[in-house]
Amino acid sequence: MSKPQGPSPEPFRRRFQRIWPNAVALITAAIFIFPVYWMIASSLKQRGDILTRDPVFVFVPTLDNYSTAMGADLFWTYVRNSFVVTVCAVLLALLVALAAGFAIARMEFKGRRGMILVIMMAQMAPWEVLIIVMYLNARDLEMLNSLLALTIIYFVMALPFTLWTLRGFIAAVPKELEEAALIDGCSRTRAFFSVIFPLLAPGLMATSIFGFIMAWNEFAMVLVLNKAPEAKTLPVWLSSFQTAFGNDWGATMAASTLVTIPVLVLFLILQRRVTGGMAAGAVKG
């Protein structure tokens, strides 16, 4: 009599090949999400639950830390400064990069390849090495403690990546679409806004998210250039929760959560539009 055959190893191998990528993805996501969870949980804990040696996962939540953070001096001034500087820098970068990206992607002119190389080098260069130069220039121009100086600096920092990304999106749009619009009687400007611009939604959304995160979280420039309390932004404000007894970790975590919320909301809103814009661009192309 022949022995009964056991289950074939092939289904197990296929099942394992389907499971292990999902398991790795879940573990990776948990590693990145846990610090965010711990920040939010700590912002809702009382001081004793935060400073205890053993981690506390079950606790009675409190909003006292948020009251302390939002009741700090000049809190709403810092919120206004961060929004004004970030939004203005991102809009300026998008406007300039849109025009320059179209010129680089569509037009042939002397020095075009050199300009692309300069853009790549500017993107790779660490901006921290220019802090002293920027401080001296701002001092000579009497622009210390000025939101205008921060806006210009953040605009220049976001411009290389924005320009490089939008150039790629513009180059990916078939020239035949623009030529067809020109044959139908459209001017070059109208052809750009009627044909090319709607297909650039994914690039505009992606670069705006990058620029917003960069300008919103920037710390070193504002710390060096703006010494006046009323001219600082939220990242510098985060370092102010210190008392005679040490750091107020509950208020610090609450403040960190408040600073994170605008970036998170922007990403959640634009993520769906980026995906939808990619699909629409693929169908229209």
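## Side-chain interactions in a predicted helical model

A search of the whole structure finds one salt bridge, a term that requires a side-chain nitrogen of Lys or Arg within 4 Å of a carboxyl oxygen of Asp or Glu. The structure is a predicted model, in which local features need pLDDT of at least 70 and side-chain atom pairs count only at pLDDT 80 or more, while totals for chains, interfaces and linings use all residues. Residues are numbered from 1 along each chain as its sequence is written, and side-chain values use heavy atoms, with hydrogens and water left out.

The salt bridge joins the side chains of Arg139 and Asp140, with an N to O distance of 3.4 Å. Residues are classed as buried under 20% relative accessible area, exposed over 50% and partly exposed in between (1.4 Å probe, protein chains only). Arg139 is partly exposed because its relative accessibility is 42%; Asp140, with a relative accessible area of 54%, is exposed.

### Overall architecture

The protein contains 13 helices and two strands; these elements are DSSP runs numbered from the N terminus, with helices (H or I) of at least four residues and strands (E) of at least two. Of the 285 residues, 36% are buried. The accessible surface comes to about 17,800 Å², and carbon and sulfur atoms account for 68% of this area. Accessible areas come from the Shrake-Rupley method with a 1.4 Å probe, and for residues only the protein chains shown count as cover. Among contacts with a separation of 6 or more, 71% are between residues 24 or more positions apart, where contact means heavy atoms within 4.5 Å.

### Aromatic pairs

Rings of Phe, Tyr and Trp (its six-membered ring) pair if their centres lie within 6.5 Å; planes under 30 degrees apart count as stacked, over 60 as edge-to-face and the rest as tilted. By this rule there are 13 aromatic pairs. In one of them, the ring centres of Phe83 and Trp216 are 4.9 Å apart and the planes stand at 65°, so the arrangement is edge-to-face. Phe83 belongs to helix H4 (residues 75–106) and Trp216 to helix H10 (residues 201–217), so this pair ties together parts that are 133 residues apart in sequence. Trp216 is buried because its relative accessible area is 2%, whereas Phe83, at 34% relative accessibility, is partly exposed.

Phe161 and Phe210 form a tilted pair, 4.0 Å centre to centre with 40° between the planes. This pair also links distant parts of the chain: Phe161 lies in helix H7 (residues 147–172) and Phe210 in helix H10, 49 residues apart. Both partners have intermediate accessibility: Phe161 is partly exposed at 25%, and Phe210 is partly exposed at 29%.

### The surroundings of Trp38

Phe34, Tyr37, Trp38 and Phe57 form one aromatic cluster. Phe34 lies in helix H1 (residues 9–43), and Trp38 is placed in helix H1 as well. Phe34 is partly exposed because its relative accessibility is 42%; Trp38, at 26%, is also partly exposed. Leaving aside neighbours within four places in sequence, Trp38 is in contact with Lys45, Pro55, Val56 and Phe57. The C-alpha atoms of Trp38 and Phe57 are separated by 9.3 Å, and the two residues are 19 residues apart along the chain.

The charged end of Lys45 sits over the ring of Trp38, 3.9 Å from its centre. Elsewhere, the charged end of Arg167 sits over the ring of Trp164 at 5.1 Å from the ring centre. A charge is assigned to a ring in this way if NZ of Lys or CZ of Arg is within 6 Å of the ring centre and within 35 degrees of the ring normal.

Ile33, Phe34, Tyr37, Phe57 and Val58 form a nonpolar surface patch with about 550 Å² of accessible area together. Patches are made of residues with over 30% relative accessible area and no salt bridge; like charges are joined within 9 Å and nonpolar side chains (Val, Leu, Ile, Met, Phe, Trp, Tyr) within 5 Å.

### Positive phi angles

| Residue | Phi | Loop |
|---|---|---|
| Leu74, not a glycine | about 65° | between helix H3 (64–70) and H4 |
| Asn145, not a glycine | about 60° | between helix H6 (131–140) and H7 |

Leu74 is partly exposed because its relative accessibility is 36%. Asn145, at 35% relative accessibility, is likewise partly exposed.
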